[in-house]
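Subject: Structure for you, with notes

Hello,

Here is the structure I promised to pass on. My notes on it follow below.

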Amino acid sequence: MYLDKFILPIDEESSLIEHKMEQNGGIFGYIDNTYPCGIFSKNQLSELSFSKITILYGGNGSGKSTLLNLIANKLELNRIAPFNSSELFSLYVERCKYELGYDDEGFKHRIPNGSRIITSDDIFDYMLTVRTNNEEIADSAEDIKSEWGNKKGSLRFGETVKMNSMDDYEAYRLQVLSRKKSISRREFIRRVAGTEMKLNSNGETALSYFDSKFKSDILYCLDEPENSLSPKMQLELVKMIEEMAHYCGCQFIIATHSPFLLAMEFTKIYDLDTNPVDIKKWWQLENPKVYFDFFNKHKRLFLDDK
C-alpha cells in the first residue's frame, strides 16, 4: 500500500483558527468560513489507516468528500474538477500528516506518478465534452457534404483554387484532398470534419471513462463514482476496482454510500455517521440495511413473478 496512515490536526483546530484570525487583523480579526475545522473533531476522528481498498461512508454532510479532498491535496494528487475550499483549507492541509507504506523488501513506498482524484464532476464534464464535440463535428460534416458534390462550383469538380496567398491555402488543400481518386466522400468528410467519439448511455460512457483512466500501480481517490451508473454498471465498476486493486498494484480510497461498492471484497470501511467514527462491515451500515428492509418487505413480489 502506498498510503498507510493519514492524521488530521484535530487538536490544532482552535489554534489554527486563532492563527488565521490574527493574520486577518490581530485580536480583532475574524473568519467568515472556518471550513473544514470542526467537521471531524465532533466525531472524534483523528487518524485513518488504509487497506488496498478503503471506503469513507456517510450521508450528506458527513465529511466524506471533504476528507477525500484533504487527502488528495496533501498528497498533491492530479485533479481536474475544483473542490469546495475556504480561507482555512490550505492551512488545515498543511497541518495534516501522513505515513507511507513499505514494499515487500522493506523499502518505503512513494506516491506513484499519475496518482489522481476522480470526481463525479469529471465524469459529467467528460460526457458534456463528448456531446459538444460530436455536435460540432456533425454541423461541420453537413457543411462539407454540400461542398463535396459533383456540380460545377463544388470542391471536387469545380474550378481549381488559385494560390495567391496563404489565405487560400486551406481552400486549396481541401480541393486537392477531395480530388484524390483514392478517397471516398465519407473518408473525405471524416478527415476534414473529424471523427465522432462513441457516446452510449450515461452509465456506459462513465464506465468507459474509468476503464480508460485506470492504470496499474497507481493510487486513486474516487468521489462517489457510482453517480450516473445503474446498479448493473456499478457491479461492473466493482469488478474493475477489485481487479485493479488485487492484481494490478492499485490502491483505492473511495467516498461512497453505494451498497454495491461497499460490498467489495477485502474493503476497509469508515462509518463517518457514527460518533466516534468506527470501522464497520458493509452489512452493518444504514444504507445497505435500508435496501435490505425494502426488498425483504416486497420479496413476495419477486418470488411470485418467477
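Which element gives the most to the lining of the largest pocket? Helix H2 does, with four residues. The model is predicted, so to speak of local features pLDDT must be at least 70, and side-chain atom pairs count only at pLDDT 80 or more, while totals for chains, interfaces and linings use all residues. Residues are numbered from 1 along each chain as its sequence is written, and side-chain values use heavy atoms, with hydrogens and water left out.

Pocket

The largest pocket holds about 360 Å³ of space. A pocket here is an open set of points on a 1 Å grid over the protein atoms alone, where a 1.4 Å probe fits, with protein on both sides within 12 Å along at least five of seven lines; lining residues have an atom within 4 Å of a point. The volume is the space filled by probe spheres set on the points. There are 20 lining residues, and Ser65, Thr66, Asn69, Asn84 and Asp223 are the closest to the centre. Two or more lining residues come from each of helix H2 (64-74) and helix H4 (120-148); helices (H or I, at least four residues) and strands (E, at least two) are DSSP runs, numbered from the N terminus. By type, the lining has four nonpolar, 11 polar and five charged residues. Asp, Glu, Lys and Arg count as charged, Ala, Val, Leu, Ile, Met, Phe, Trp, Tyr, Cys and Pro as nonpolar, and the others, Gly among them, as polar.

Sheets

Six strands make an open sheet of mixed pairing, in the order S5-S6-S7-S3-S8-S9. Two strands pair if DSSP finds at least two bridges between them. Strand S5 (116-119) and strand S9 (278-280) are the edges, each pairing on one side only. S5 runs parallel to S6 over four bridges, and Thr119 has Asp223 in S6 as its bridge partner. Asp223 is also one of the residues closest to the pocket centre.

Strand S8 (residues 267-271) is largely enclosed by the rest of the structure, because four of its five residues are buried (under 20% relative accessible area with a 1.4 Å probe, protein chains only; exposed is over 50%, partly exposed in between). S8 is joined to strand S3 (residues 53-57) by five bridges, in parallel, and to S9 by three, antiparallel. Tyr270 of S8 stands opposite Leu56 and opposite Ile279 in S9. Six residues lie between S8 and S9, which form a hairpin.

A three-strand open sheet has the order S2-S1-S4 and antiparallel pairing. Strand S1 (residues 3-7) and S4 share four bridges, and Lys5 is partnered with Glu99 in S4.

Aromatic pairs

The count is nine aromatic pairs, taking rings of Phe, Tyr and Trp (its six-membered ring) with centres within 6.5 Å; planes under 30 degrees apart are stacked, over 60 edge-to-face, the rest tilted. Phe214 and Phe252 are edge-to-face, because their planes stand at 75 degrees, with ring centres 5.4 Å apart. Phe214 is in the loop between helix H7 (202-213) and strand S6 (219-223), and Phe252 is in strand S7 (residues 251-255), 38 residues apart. Both are buried.

Regards
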